[in-house]
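Please examine the model shown here.

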Amino acid sequence: MTDTGKLYWSAIKTFGVDLQLAVAIEEMAELTKELCKAQRTIFAARTGLGVGRIDNLDEIAEEIADVQIALEELEQLYGAKKKVQKIRQQKLARLEMRIEKAREARGDNHAD
């Protein structure tokens, strides 16, 4: 087990499963809030109510880090790391196919 894995188990043992689940939910909500703030800025600019400059990029980065930590802890808690990796690869392959179909429908066959 990695040092990070040991740290996650230590957090689970110290604070309990229920609290760590609540923390994971809270972290995801905080990221959602920051993304909504950024989106609101963009929407406001489209209607002429601002310049569209997103000023919470540091907060978004911090919340992404918090959510990644929480998700890794959940993977460990539920023993789901390998399953998550497999499903993630399947979903990425599906995304790639959807992008290809959308580009074909638009007549845009340029790969990035």
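The model is predicted: local features need pLDDT of at least 70, side-chain atom pairs count only at pLDDT 80 or more, and totals for chains, interfaces and linings use all residues.

Q: How far apart are the end C-alpha atoms of helix 3?
A: Helices are DSSP runs (H or I, at least four residues), numbered from the N terminus. The expected span is 1.5 Å times one less than the number of residues. Helix 3 has 21 residues and should therefore span 30 Å, which agrees with its end C-alpha separation of 30 Å.

Q: What covers the buried residues of helix 3?
A: Buried means under 20% relative accessible area, exposed over 50%, and partly exposed in between (1.4 Å probe, protein chains only). The buried residues of helix 3 include Ile60, Val67 and Leu74. Their cover includes helix 1, helix 2 (17-46) and helix 4 (81-106).

Q: Is alanine 45 buried, exposed or partly exposed?
A: Alanine 45 lies in helix 2. Beyond its neighbours within four places in sequence, alanine 45 is in contact (heavy atoms within 4.5 Å) with Gly50, Val51 and Gly52. Its relative accessible area is 26%, so alanine 45 is partly exposed.

Terms used: Residues numbered from 1 in each chain as written. Heavy atoms only, no water. Helix = DSSP H or I, 4+ residues; strand = E, 2+ residues; numbered from the N terminus.
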